[in-house]
Amino acid sequence: MKDLTDKDLLYLKDIFNWNYTQYKNISHYRELVSEDFCEIFDDALSLFNNNMNTILDILGGNI
């Protein structure tokens, strides 16, 4: 794998932070919605969690 540039790292940091913010928001609102919507919220949580883990894998766990 080639070395990441500063621009790459800033981009990955921004993407990680966006996914983390969405994860926190959905976690909060999941507690407020009816049970009918919980599966949709769980799918979204899984998506954002997977995105964050992918970014951490790229960075070697260092963010």
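A residue is called buried when its relative accessible area is under 20%, exposed when that area is over 50%, and partly exposed in between, using a 1.4 Å probe and protein chains only. The model is predicted, so local features need pLDDT of at least 70 and side-chain atom pairs count only at pLDDT 80 or more, while totals for chains, interfaces and linings use all residues. Residues are numbered from 1 along each chain as its sequence is written, and side-chain values use heavy atoms, with hydrogens and water left out.

**Exercise 1.** Decide whether Phe48 is buried or exposed, and describe its pairing with Trp18.

*Solution.* Phe48 has a relative accessible area of 9%, so this residue is buried. For the pairing, ring centres of Phe, Tyr and Trp (its six-membered ring) must lie within 6.5 Å, and planes under 30 degrees apart count as stacked, over 60 as edge-to-face and the rest as tilted. By this rule there are 2 aromatic pairs. In one of them, the rings of Phe16 and Tyr20 have centres 6.4 Å apart and planes at 10 degrees, so they are stacked. Phe16 is buried, at 12% relative accessible area, whereas Tyr20 is partly exposed, at 39%. Trp18 and Phe48 form an edge-to-face pair, with 5.7 Å from centre to centre and 65 degrees between the planes.

**Exercise 2.** Find which residues Leu12 touches, leaving out those up to four places away in sequence.

*Solution.* Contact means heavy atoms within 4.5 Å. With that sequence limit applied, Leu12 touches Leu4, Ile55, Ile58 and Leu59.
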